[in-house]
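Hi everyone, thanks for coming along. I'd like to walk you through one structure today, so let me put it up on the screen.

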Amino acid sequence: MTAVSLTVLGCGSSSGTPVVGCDCAVCLSPLPENTRSRCSAYIRIGGSGWVIDTGTDFRYQALREQLPRVDGVLYTHPHADHLNGIDDLRAFCYRQQGAIAVYGSEFTLNNIETRFDYAFWPPTHYWNRPVLTAHRLPESRNGSPVLDLGGVPLWHYQAPHGRWHSSIYRIGNIAWITDVNHLDDAIVAALAGLDYLFLDCLTEAEYPSHLSVAQAFDYARRIGARQTYFIHMTHFLEYTDLNRRSPPACAAAYDGLRVCSEWQAA
Ligand SMILES: [Zn+2]
Ligand SMILES: [Zn+2]
Ligand SMILES: [Zn+2]
């Protein structure tokens, strides 16, 4: 048995909550669960750690959760709220005195290498830049994992996110699905048997590149994880209210939430 823990670094949408300049009830709420930084997670397996996305709040999240190390980054897609904290990987490169592996689809890594080319140069004596190596992941459509994370399999799927695609990651029995507007039947089937599902749930109204609340509820029921947590929520969703009307075994995530699942190799 291998323990896999996932900490929600952030469960907010691209603006974060509170939204700058907004005086709505959620943005002014004193409830800590209504403060949401940009969407990201930290996975711990043994003494190793992997980050899903380095958004604009990554440095603050790494300090808040006292992240000890980063062995790799799993990128979902290259929107700014998931990527633009990439420079703050530099602190971990310096501390670990080595390059950090970054993973994602061909499209995502092409985009990152174009926009942050200097992050893929060799290190200098000063470690004054992040030092990364790019690894393109195929999809797990044939059922095969694409990586081994400390003895736990990683499966990778892609789903539409408006005109783009986002990568979906299943690590053992935990899955992270953000920034998608549709999941096909094969992906729903591949997500059977989850302990924990983290699922895009942007806002009440339908949206071209995300799941609405009703769509997220529907996918959560169909996937049937032991527990589903909603992520990437805007300031239109109030924590207590969303929990009250969520289906059984579903709830709103909050920054700092941690879950743990045991992986039993076959
Ligand atoms: Zn996003
Ligand atoms: Zn607001
Ligand atoms: Zn996005």
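Let me begin with a term: two strands pair if DSSP finds at least two bridges between them. The strands themselves (E, at least two residues) and the helices (H or I, at least four residues) are DSSP runs, numbered from the N terminus.

Some housekeeping before we look around. This is a predicted model, in which local features need pLDDT of at least 70 and side-chain atom pairs count only at pLDDT 80 or more, while totals for chains, interfaces and linings use all residues. Residues are numbered from 1 along each chain as its sequence is written, chains are lettered from A and ligands numbered from 1 in the order in which they are written, and side-chain values use heavy atoms, with hydrogens and water left out.

Seven strands form an open sheet in the order 6-5-4-3-2-1-14, and the pairing is mixed. At its edges sit strand 6 (132-136) and strand 14 (258-263), each of which pairs on one side only. Ignoring direction, neighbouring strands are turned by 25 degrees against each other on average; the axes here are lines fitted to C-alpha atoms, for helices over the stretch in contact, and angles run from 0 to 180 degrees between N-to-C directions.

Strand 5, residues 100-104, pairs with strand 6 in the parallel sense over five bridges. Within that pair, Tyr103 has His135 of strand 6 as its bridge partner. Helix 4, residues 106-115, lies across both strand 5 and strand 6 and runs at about 155 degrees to strand 6. Contact, by the way, means heavy atoms within 4.5 Å.

The cut-offs are under 20% for buried and over 50% for exposed, with partly exposed in between (1.4 Å probe, protein chains only).

Moving along the sheet, strand 2 (40-45) is largely enclosed by the rest of the structure, because five of its six residues are buried. Strand 2 pairs with strand 1 in the antiparallel sense over six bridges, and Leu6 stands opposite Ile43 in strand 2. With strand 3, residues 48-52, strand 2 is again antiparallel, over five bridges. The hairpin of strand 2 and strand 3 has two residues between the strands, and Gly46 there takes a positive phi near 60 degrees.

On to the metals. What holds the zinc ion called ligand 2? Its protein donors are Cys22 (SG), Cys24 (SG), Cys27 (SG) and His235 (ND1), at 2.0 to 2.3 Å. Donors are N, O and S atoms within 2.8 Å of the metal (3.2 Å for Na, K and Ca), and water is not among the atoms, so sites may look incomplete. The angles at ligand 2 are 107 to 113 degrees, which makes the arrangement tetrahedral. Cys27 is buried at 9%, and His235 is buried too, at 14%.

The zinc ion called ligand 3 has His77 (NE2), His79 (ND1), His161 (NE2) and Asp179 (OD) as donors, at 2.2 to 2.3 Å. Its angles span 92 to 171 degrees, which makes this site irregular. For the rule: four donors are tetrahedral if all angles lie between 85 and 135 degrees; four are square planar and six octahedral if opposite donors are over 155 degrees apart and all others between 65 and 115; anything else is irregular.

And one last point about that site: Asp179 bridges ligand 3 and another zinc ion, ligand 1, and the two ions lie 3.5 Å apart.
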